[in-house]
Amino acid sequence: MANLNIDSVKDRTFDAIVIGSGMSGGWAAKELTGKGLKTLMLERGRDVKHIKDYPTTNMYPWEFEHRGEMPMAVQEANPIVNRCYAFHEDAAHFFVKDKEHPYVQDKPFDWIRGYQVGGKSLLWARQTQRWSDFDFEGPSRDGFAVDWPIRYKDIAPWYSYVEKFAGISGNKDGLAELPDGEFLPAFPLNSVESYFSKHVKNKYGRHVISARCAHLSKPNQIHLDQGRAQCQERILCQRGCPFGGYFSANSSTIPWALKSGNLTLRPFSVVQSIIYDEKKGKATGVRIVDTNTKETIEYFANIIFVNAAALNTNLILLNSTSHRFPNGLGNDSGVLGKYVAFHNYSAHISAQYDGLLEWTTDGRNPAGGGYIPRFRNIHKQETDFLRGYASGFSAYRRQQRSWDGVGGSLKENLVKDNLGPWSVGSHMMGETIPKEASYVALDAKLKDDWGVPLLKISVDYDDNDEKMKKDYIEQLTEMFTSAGFTNIKAESDHRAPGLDIHEMGGARMGNDPKTSVLNKWNQLHAVNNVFVTDGACMTSTSCQNPSLTYMALTARAVDHAVSEMNKGNI
Amino acid sequence: MLKPFTNMHRRTAIKNLALIIGGAALLPSCVHDSGQASVKLKNIDINADQEKLIGDMAETIIPKTNTPGAKDLQLHLFVLKMVDDCCTKKDQQDFMTGMEQFNDLVKKRYSVSFSQCNVKQREQTLLSIEQDGKDAKSTAYPAKLKTFYGIVKGQTVNGYTTSKYFMTKQVVYELVPGRYNAFYPVKKKQAV
């Protein structure tokens, strides 16, 4: 019996454990296994194997029962996830339904989740921009949150490292506020996007660049080695890509890690807590519930990476209590769960352009068009709000076929070529300021099906967000007007935070253990063998899309963790 | 509650597709006998006469010409499926009420049912409702009748323009474009 137990413990012991299999968890697994560590990856949802488990990927529009539309019963049962732009008949199976994992909205928050191997990396919008020192120095310059413990030079080589593997398309634009990376060829701007780019550069000194995105515009050997192929411009990415044309954990990091022979992937494993050993003064493993058998099982490892997605990472740390850490693992400072922030996506603007009618486009642009890097408050404070916003910008033409009337003439109109003028559009991506008042916490009473307290979310906009939104609308309206666009319509949609799917913070990095949870290596100040490298680690949000930064921080943290382990410090 | 999009769903989709393709052959054997609609509905109660009405309206909207029409493509069954699955309860109720109002209107105007009207009468009826629907203030037709017509019209055209026939024979839908030409002269014919 005793021997059996010893064997059983041995079977449940690994060099490293990664909690979560999405954007950052996939990277942690790839890096750890690549350095020879026997690694256990825990995923709370089901397995999704590349290609095999993309049931809709090759379906034609007419093969969908409701031609893409979600049945009303599903919409009504899922008011939260139904608000997500990608929740349609072709990808609904990759989203968590509202009842599957409830949470408490102290304030309205649309928590959009993907509980499966690959997580939301299957579903992301694939926009990838580096941060610059204008971002890392933001909190200290503008006096909010705490100073980032790293600067651009610390992460730059790691951006390069992950970019080369993931495959990022883009141009070297030479902008200090948006550093260049290791790029595959960019998807070019079309005629109107190029026109607008030249116009705003001449008139405002602002930039409209080809959106940088994680698509293999021209794969290198390293991408072919992953079994991925050139992006085929389908723009059906949310279904999972049979070509591996965009980066996802499913198509890239996880199969790579599995190929090493060092990865054990365990789906259906909800992590309840991280086990802390008071005598050893470190974490020794994690406690999971198998969602099929409802069995509680403990796994052990020397290094633990927490990549459960920002808010669930907070949940796990908060729920990992011990005599030493009564308020959550590594929470000596009391800031765990606090200073949660997001991106303000609540404004967009559309218009029409009647010029350049000799041009249109052919095929589809996976990058989505142009990107306007932040142009506010970069070198110094110049507005009545802190920080700034990036903006999407795209132009397109559609066949405008009339649905009027009935009979033979209607049938003719439905196939008659009638190319409309250019439609142009932009959406706001605003930095928000992390505040102590924006927090997540464990609900005192309610628990989920696995005995874990429900997460209570209390995150809101503030005056800075309102002022910034007003400025976005004013500036883009002016830029559109001066470019000769007409029929300009700005809209503020009053969406709840969360729908941006860029929630960040709660376990922020910082130099001072009294005011932050993680050090400059994404290591818990107080528990040096636990690392957090997903959105939870973010000290501030910048306005760039965050995934690329999570990838780079993860690869950097693994490198540090393994080097510390080899020195005997972990 | 939505189940994951499993192979079962895919099979259902393919089966529906087969039904659409082979629909004309299937129809005579499955309509009328029971007085029930030939498509399985969960939320709305449609009898064979009502199904015939939707079929005749759809055929008036997308008639058979030298190319297939609504009945060939089973668009009326698509309309009913969409009303049943994708409309709110209120729209479903208005759809049913509006359908009765529509029947009454046609009876009053032509003394026969819609199915017994000639093509010209059918077209004029639908066009006059459509015209009235464009004027939000007009009360020439009851609101629910206009809702009913709007749903039948919209879903018939939706079903038509997203049908396999239309997307392979009338316009070319490309699942795998394999290209993005950012500057493309308008004179050349684009794919969709």
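In an unreviewed entry, UniProt lists residues 434–553 of chain A for "domain: Glucose-methanol-choline oxidoreductase C-terminal"; UniProt positions follow the numbering used here, feature names are shortened, and annotations may be inferred rather than shown by experiment. The end C-alpha atoms of residues 434–553 of chain A lie 20 Å apart, and the span is 22% helix and 23% strand, where helices (H or I, at least four residues) and strands (E, at least two) are DSSP runs numbered from the N terminus. For residues 225–321 of chain A, the end C-alpha atoms lie 43 Å apart, with 22% helix and 34% strand in the span.

The model is predicted, so local features need pLDDT of at least 70 and side-chain atom pairs count only at pLDDT 80 or more, while totals for chains, interfaces and linings use all residues. Residues are numbered from 1 along each chain as its sequence is written, and chains are lettered from A and ligands numbered from 1 in the order in which they are written.

**A sheet in chain A**

Three strands of chain A form an open sheet of mixed pairing, in the order β3-β19-β18; two strands count as paired if DSSP finds at least two bridges between them. Because β3 (104–105) and β18 (439–447) of chain A each have a single partner strand, they stand at the edges, and one side of each is left without a neighbour in the sheet. Strands of a sheet pair through backbone hydrogen bonds, either parallel or antiparallel. The pairing of β3(A) with strand β19 (residues 453–458) of chain A is parallel and runs over 2 bridges, and Q105(A) has I457(A) in β19(A) as its bridge partner. Helix α10 (residues 310–318) of chain A lies across β18 and β19 of chain A, at about 60° to β18(A); axes are lines fitted to C-alpha atoms, for helices over the stretch in contact, and angles run from 0 to 180 degrees between N-to-C directions.

**Contact between the chains**

The contact takes 46 residues from chain A and 47 residues from chain B, two residues being in contact if their C-beta atoms, placed from the backbone, lie within 7 Å. On the side of chain B that touches chain A, at least two residues come from each of several elements, including α1 (7–21), α7 (143–161) and β1 (180–185) of chain B. The residues of this side of chain B divide into 27 nonpolar, 15 polar and 5 charged, with Ala, Val, Leu, Ile, Met, Phe, Trp, Tyr, Cys and Pro counted as nonpolar, Asp, Glu, Lys and Arg as charged, and the others, Gly among them, as polar. Strand β14 (residues 359–363) of chain A is joined to β1(B) by 4 bridges, and the two run antiparallel; W359(A) stands opposite P185(B) in β1(B).

**Helix α2 and buried positions of chain A**

The 12 residues of helix α2 (residues 23–34) of chain A should span 16 Å at 1.5 Å a residue, and the end C-alpha atoms of the helix are 17 Å apart, which agrees; the expected span is 1.5 Å times one less than the number of residues. In α2(A), 11 of the 12 residues are buried, among them W27(A), K30(A) and E31(A). A residue is buried if 20 or more other C-beta atoms lie within 10 Å of its own, exposed if 12 or fewer, and partly exposed in between, with C-beta atoms placed from the backbone. Just after α2(A), G36(A) takes a positive phi of about 90°.

| Residue | Other C-beta atoms within 10 Å |
|---|---|
| A390(A) | 26 atoms |
| I304(A) | 30 atoms |
| R126(A) | 25 atoms |
| N522(A) | 28 atoms |

A390(A) lies in strand β16 (residues 389–396) of chain A. Not counting residues up to four places away in sequence, A390(A) touches several residues, including Y371(A), M429(A) and C543(A). I304(A), in strand β10 (residues 296–306) of chain A, is 228 residues from V532(A) in sequence and 8.6 Å from V532(A) in space, C-alpha to C-alpha.

Most residues other than glycine have a negative phi. R126(A), in the loop between β3 and α4 (133–136) of chain A, has a positive phi of about 70° although it is not a glycine. N522(A), in the loop between β21 (504–506) and β22 (530–532) of chain A, is likewise a residue other than glycine with a positive phi, near 65°.
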